[in-house]
Each structure stands twice: as C-alpha cells, then as structure tokens.
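Welcome! Open the model in your viewer and keep the selection tool at hand.

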Amino acid sequence: MDFHHPFQNYSRRELLMRSGLGVGWMAASTALQESLHAKPLNSNQHKPHTLAARTPHFPARAKAVIHIFANGGPSHIDTFDPKQKLKQYAGREIPGALKTERRTGAALPSPFQFQQYGESGLPVSELFPSVARHADRLLVIRSMHADVPNHEPSLLLMNCGDGRLVRPAAGAWVTYGLGTENQNLPGFVAMCPGGYPISGTANWRSAFLPGVFQGTYIDTKKKKVDELVECVRHPVLDEKVQRKQFELMSTLDRKHLQQRKNDPALESRITSMELAWRMQFEAGEAFDVAKEPKHILERYGDTPHGRQLLIARRLVERGVRYVQVWHGQGQPWDSHQEIEKNHRKLAGESDRPIGALLDDLVGLGLLDSTLVLWGGEFGRTPTVELPNDAGTKTATGRDHNHHGFTVWMAGGGVKGGEAYGATDEFGFQAIEKPVHVHDLQATMLHLLGLDHKKLTYRHSGRDFRLTDVHGRVIHDWVA
C-alpha cells in the first residue's frame with residue numbers, strides 16, 4: 001500500500017465492520033447498485049449488473065409499476081365478476097364436474113351486491129366503492145388462469161413466472177431491463193407488513209440475475225422511518241466523518257475489484273454499499289409519510305396498507321421502477337369460511353387507500369406512466385367448501401380456484417372501462433379469451449417497452465426469461 005492512513009493495519013473485512021456507514025441492513029444485501037456520484041457509464045456500455053437507466057426495446061407506455069398483491073386469492077365472484085346464475089342454483093349442485101382442490105358442495109351466491117359504475121357501466125361489488133370511482137380507468141381481466149390450486153406454486157408463478165423453482169421476480173426482470181431513474185433509492189421495493197408471505201423472499205428475489213436487481217423488503221407494519229429502514233442514519237458520526245470513511249472504503253474496494261477483473265458479483269456488493277451511503281440522505285425523506293398534508297394522510301388512512309400505498313406513490317414519484325405492495329398478511333384473502341365477514345374486512349382495509357392512490361396518480365399526472373396491477377395468485381370456487389372432518393370449518397367459504405379468476409390493471413397505457421374475457425356462467429373456468437399468467441407478464445413487459453422474448457439472461461447453458469418459453473402479448477389491452 002503506497003499511502004499511510006490510521007486504518008491501514010486493518011483488514012478489508014475489519015474496515016467494512018468499522019466503517020459505521022449507518023445502513024447495516026443494506027450492507028449484507030447485494031440488491032442495490034450504481035453510485036450517483038460515480039463516473040457515468042459510457043453511452044456505449046450496457047453493464048447488465050448495474051441499475052443505470054437503460055433504453056427500452058421500443059417506446060414504452062409505462063415507466064413504473066405498482067403491483068398490489070391480494071395475498072391468498074380473493075374471490076372474483078364477490079369482487080369484479082358477478083354471476084347471477086349462482087342465485088338460481090343456490091343450495092343446489094352445479095351442473096358438470098368441478099375439478100377443485102377438495103370436494104365442494106352446493107352453489108354459493110355472492111352475499112354482496114354489484115352496481116354499474118362510470119360511463120362504461122363496469123360492474124363492481126359493493127366491497128370496492130372507492131376503486132369503483134375509477135371504473136372508467138380499469139381494465140378488468142376476468143379470464144385469468146394459473147397452473148395449480150396451491151398457494152406456494154401459484155404465488156411464485158405470478159411473481160416469478162415459475163411455480164416450482166426459484167426464478168427472478170418480475171420486479172427484478174424489469175429493473176434488469178430498464179434500470180431505475182433514481183440512483184439514491186432501490187429500483188425494486190417489496191412492502192409486506194408484519195413479516196413474509198408464503199414462499200418468503202423467493203417472491204422478490206433476483207435468483208440467478210445479479211443481486212443488484214432483487215427487491216428490497218420493507219416491513220410496513222412499522223411506522224417510524226428509522227424502523228422501516230433500519231440504521232438509515234448513523235447515531236453518532238456526522239456526514240463529514242462518514243464521507244471520509246466512505247471515500248477510503250470506496251478506494252480500497254475499487255482496487256480490489258480491478259484485481260479481480262471487475263467481477264460482476266463483487267461489483268454488486270461494492271455498489272450496494274455505495275447506495276447504502278446515499279440512501280441515508282434520501283430514503284428517510286421518501287419513506288416519511290408524515291411529511292404529507294393531513295388531508296392526504298386521512299384519505300389513505302392510518303393503517304399498514306394505507307401507509308404502504310402512500311409510500312408506493314412517493315417512491316414512484318421519485319423514480320423507483322417497481323413497487324410491490326402486499327395485502328392480506330396475517331389474515332389473507334384465503335376465505336375458506338365466513339367469506340362474507342372476511343372479504344368485507346379485507347376489502348374495508350384496502351378499498352379506500354387504493355382509491356386514494358388512484359386519485360393521487362391521476363392528480364399528479366402519473367397514472368399514464370404508472371401501471372397499477374391488483375389481484376392475487378388465483379380465485380375461488382363458485383361452490384361452498386364443505387366442513388372438514390375436524391369440525392374447524394363451516395360451510396360458509398370458498399375453496400381455491402386456478403381455472404378462472406380476475407385481476408385488474410389501470411394506467412400505464414392500458415384501456416379503461418373494459419372487462420376482458422369471461423368465465424363460465426358460474427364463474428369456475430375461463431372460457432372466453434383465456435389469459436395465462438405468462439400472458440399477463442408478457443403484456444406488462446410490453447407496456448414497459450420490453451420484448452419478453454428478448455429480455456433474457458444466460459444461465460446454466462441457456463437463455464432464461466420471465467415468461468420461460470410461453471407468453472403472448474395481448475394487444476387488445478393497449479390503449
């Protein structure tokens with residue numbers, strides 16, 4: 001070493017431990033990348049392991065995504081896909097064999113009333129009056145179908161394009177393809193209050209993509225910024241001292257990187273530290289919803305879901321590329337019994353803040369460039385789930401149903417005020433214009449200016465993509 005410094009007798013590991021950058025939660029992660037103060041990338045360079053903003057394959061309709069994940073499988077029949085035929089067969093067996101996960105009983109009509117909204121006359125359940133205000137902006141896809149009626153594989157399929165193996169999440173693929181517009185914040189954020197959903201961090205991992213693209217998990221059950229983003233501020237050292245430490249570490253790290261021929265994995269680790277440094281000065285402000293006016297806070301509501309949707313809006317305003325917001329953690333939408341009580345409670349938690357989010361995106365002029373997606377991993381049966389042998393379930397709920405379910409999209413270049421596709425007259429199976437999860441993912445990428453067949457990554461001897469070897473772009477959705 002050709003210079004003298006008080007830290008020169010420490011090993012590199014000790015330097016990292018003693019640096020006190022104040023963002024320890026980030027130091028262990030390889031999820032984040034690209035220094036705002038570093039030399040800009042050459043315009044001819046496209047390093048696949050950086051978060052530098054990149055040009056899409058073709059002109060994009062959307063710049064960012066907010067994915068509201070209704071964890072557990074909400075009932076399409078009780079939310080956005082009314083089925084009058086169920087009233088006719090109430091308490092009776094539905095004609096035809098239903099291939100359900102467990103044996104089910106008679107037809108169960110929805111206990112909720114539907115009403116037409118907007119100029120489009122789109123029918124929406126009484127559960128979602130605030131969302132219904134935006135009926136003319138919604139594209140309701142009623143003909144979704146997945147592969148199996150089990151939570152774990154269906155969650156992974158919806159989030160990662162594969163229900164069996166851990167694959168990069170959609171948010172990881174999007175940030176891999178486009179980078180992000182704000183180098184001081186993560187490109188991909190996953191907010192889930194009170195812990196992880198089923199399959200845990202696999203829902204937002206980068207898998208074999210460089211670690212820089214994995215989602216940054218935020219526990220939105222917590223309110224204070226210092227709890228949301230742990231150690232975001234150093235408790236003792238001021239910015240001047242930290243900057244000196246950072247510059248020294250950065251010098252040593254870059255020398256180390258050069259000696260290892262600019263290994264991408266190592267560069268991801270180094271730049272995660274660089275972003276951790278920068279996040280001290282912007283993350284606190286971005287996640288601090290208390291800075292919002294009182295009337296805004298009241299519209300979203302002082303609940304975990306209200307706060308995280310407000311944070312989602314603030315992140316998109318600041319250039320974050322992909323924000324996933326989980327709802328139903330603790331008590332999921334998995335209403336095997338008492339569906340009227342449970343769905344009413346869950347919709348009561350989510351409807352108002354979703355309406356506020358859409359209001360704000362419209363008011364700020366962001367909805368046209370932000371794709372909002374709502375839905376779960378599958379739907380539910382039109383028949384009642386029978387009580388179990390243990391007697392712990394009553395015949396008042398619905399079982400899993402992957403044969404037909406609903407998601408909706410808004411903004412980001414999609415048509416509004418339309419219902420696409422249809423399930424059968426009872427709501428069990430997609431029969432008109434069926435849409436597989438891979439088709440949804442291919443079209444989402446298309447709206448972002450990415451060709452799902454060209455957005456690939458070489459791994460284990462072949463090119464992988466979000467849609468695997470499947471998927472088709474549904475151009476009928478594009479405005």
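Buried means under 20% relative accessible area, with exposed over 50% and partly exposed in between (1.4 Å probe, protein chains only). This is a predicted model, where local features need pLDDT of at least 70, side-chain atom pairs count only at pLDDT 80 or more, and totals for chains, interfaces and linings use all residues. Residues are numbered from 1 along each chain as its sequence is written, and side-chain values use heavy atoms, leaving out hydrogens and water.

**Stop one: helix H6.** Select residues 170-178: nine of the nine are buried, so H6 is largely enclosed by the rest of the structure. Helices (H or I, at least four residues) and strands (E, at least two) are DSSP runs, numbered from the N terminus. Now show what covers the buried residues of H6, including helix H5 (151-160), strand S8 (322-327) and helix H14 (437-447). Just after H6, look for Gly 179, with a positive phi of about 65 degrees.

**Stop two: the core.** A nonpolar core is a set of buried Ala, Val, Leu, Ile, Met, Phe, Trp, Tyr and Cys residues joined through side-chain atoms within 4.5 Å. The largest one has 54 residues, and among those touching the most other members are Ile 141, Trp 173 and Trp 477. H6 gives the most to this core, with six residues.

**Stop three: Thr 220.** Find Thr 220 in the loop between strand S7 (216-218) and helix H7 (225-228). Is Thr 220 buried or exposed? At 1% relative accessibility, Thr 220 counts as buried. Finish by showing Gln 308, whose side chain joins that of Thr 220 in a polar contact of 2.6 Å (a pair of N or O atoms within 3.5 Å; within protein, one must be able to donate a hydrogen and the other to accept it, and residues adjacent in sequence count only if both atoms are side-chain atoms).

Notes: Contact = heavy atoms within 4.5 Å.
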